[in-house]
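Notebook open. I want to look up confidence, helix packing and pockets in this one.

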Amino acid sequence: MPIQPEQLAALMAEVEQEDPIDFADLPFPEDELRALVATHLCEMAAAMESFSTEDRLMTLLAVSAKLVLENLVLHVQLLRRHGLPVGDNVEALLGRLRKGEAPE
């Protein structure tokens, strides 16, 4: 039985206990944002039911990688906008990218 949006939203909230999301002053309730994302992802997963396990895994990894990259870009933009330094790990990664080195 496929995971339901409510189950996914509950898992998201559980994961956030270890790594909280700063919703700042967004004019939307956190639980509604979680439910919206969970519903969207469950719809994506349902659309992949005909995919092979390998194709489904590769697609989910690609979506995850895109979201992590987007998060990194937004984080760096926000820090720069406020004149704050990026962390050592991010600075090292950006330094390697500037030099054309492949990340490890």
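I started with confidence: this is a predicted model, and the mean pLDDT (the predictor's confidence in each residue, from 0 to 100) of the protein is 89, with 96% of its residues at 70 or more. I noted that helix H1 (residues 5-18) has the highest mean, 95, and helix H4 (residues 88-98) the lowest, 78. Helices here are DSSP runs (H or I, at least four residues), numbered from the N terminus.

Ground rules I jotted down: residues count from 1 along each chain as its sequence is written, and side-chain values use heavy atoms, with hydrogens and water left out. Local features need pLDDT of at least 70 and side-chain atom pairs 80 or more, while totals for chains, interfaces and linings use all residues.

Next I checked how H3 (residues 53-81) packs on H4: the angle is about 105 degrees and the axes are 12 Å apart. Axes are lines fitted to C-alpha atoms over the stretch in contact, and angles run from 0 to 180 degrees between N-to-C directions. The two helices are therefore roughly perpendicular (65 to 115 degrees). In contact (heavy atoms within 4.5 Å) I found Leu 72, Val 76 and Arg 80 of H3 with Val 90, Leu 93, Leu 94 and Arg 98 of H4.

Last, I looked up the largest pocket, at about 1600 Å³; a volume is the space filled by probe spheres set on the grid points, joined across faces, edges and corners. Of its 38 lining residues, Ile 21, Val 37, Leu 67, Glu 70 and Asn 71 are closest to the centre. I see that H3 gives the most to the lining, 14 residues.

Technical notes:
Angles under 35 degrees count as roughly parallel, over 145 as roughly antiparallel, 65 to 115 as roughly perpendicular and the rest as oblique. On a 1 Å grid over the protein atoms alone, a cavity is a set of points where a 1.4 Å probe fits but cannot get out, and a pocket is an open set with protein on both sides within 12 Å along at least five of seven lines; lining residues have an atom within 4 Å of a point.
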